[in-house]
Amino acid sequence: MKFMMIVKHTEKQGPPPQSLMDAIAKAAEEEAKAGTMLGSGGLGPTALGARVRLSGGKVTVIDGPFTEAKEVIGGYAQFELKSKQEAVESAVQFMELHKKHWPGWEGETEVRQMFGPDDFGCKPE
């Protein structure tokens, strides 16, 4: 089963400490060697981004920063795991790294199962 872990936090927390980045890199290396991590990455600030919205039949582009956002998606990771429970356990370990290496940081990791075309009965041509 594939899972996406989406890390959310307030945007104004500053850059992460080097010790956290080192711990995350070590954990990611172990997951990659085990064949469970499919990909991961951090996201830049909303000031460098844009939103493309479809509403009322019109497509509009809104440049960042997005002042109305209370939380932003700061990063993600994709995993191939056996169960939702295993995915949740992985997310807990990730948050424990934040707790240890970045005291005072607050955020959450949302765990979502991923689906592809085959899961909806779609066959590639």
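A residue is called buried when its relative accessible area is under 20%. By that criterion, 24% of the 125 residues of the chain are buried in this predicted model. The chain exposes about 9,000 Å², of which carbon and sulfur atoms supply 55%. Along the principal axes, its C-alpha trace spans about 45 × 45 × 20 Å. The side chains include 15 positive and 18 negative ones, and the centres of these two sets are 3 Å apart.

**Fold and sheet**

Two helices and six strands make up the elements of the chain, and from the N terminus their order is β-α-β-β-β-β-α-β. Among contacts with a separation of 6 or more, 76% join residues 24 or more positions apart.

Four of the strands form an open sheet in the order β2-β5-β1-β6, with antiparallel pairing. Its edge strands, β2 (37-42) and β6, each pair on one side only. Neighbouring strands of the sheet are turned by 15 degrees against each other on average, direction ignored. Helix α2 (residues 84-101) packs on this sheet and touches β1 (2-9), β5 and β6. The direction of α2 makes about 160 degrees with that of β6.

**Strand pairs in detail**

In general, strands of a sheet pair through backbone hydrogen bonds, in either a parallel or an antiparallel arrangement. Two antiparallel pairs of this chain are set out below.

| Strand pair | Bridges | A bridge partner pair |
|---|---|---|
| β2 and β5 (residues 72-80) | five bridges | methionine 37 and phenylalanine 79 |
| β3 (residues 50-55) and β4 (residues 58-63) | six bridges | leucine 54 and valine 59 |

The strands β3 and β4 form a hairpin with two residues between them. Glycine 56, in the turn of this hairpin, has a positive phi of about 60 degrees.

**Threonine 109**

Threonine 109 belongs to strand β6 (residues 107-113). Is this residue buried or exposed? Threonine 109 is buried, because its relative accessible area of 17% falls under the 20% cut-off. Neighbours within four places in sequence aside, threonine 109 is in contact with Met5, Ile6, Val7, Ala91, Phe94 and Met95. Strand β1 spans 2-9 and helix α2 spans residues 84-101, and these ranges take in the residues that threonine 109 contacts.

Note on methods
Residues are numbered from 1 along each chain as its sequence is written. This is a predicted model: local features need pLDDT of at least 70, side-chain atom pairs count only at pLDDT 80 or more; totals for chains, interfaces and linings use all residues. Side-chain values use heavy atoms; hydrogens and water are left out. Two strands pair if DSSP finds at least two bridges between them. Buried means under 20% relative accessible area, exposed over 50%, partly exposed in between (1.4 Å probe, protein chains only). Contact means heavy atoms within 4.5 Å. Accessible areas come from the Shrake-Rupley method with a 1.4 Å probe; for residues, only the protein chains shown count as cover. Lys and Arg count as positive and Asp and Glu as negative; His and the chain ends are not counted. The place of a charge is taken as NZ of Lys, CZ of Arg, CG of Asp or CD of Glu. Axes are lines fitted to C-alpha atoms, for helices over the stretch in contact, and angles run from 0 to 180 degrees between N-to-C directions.
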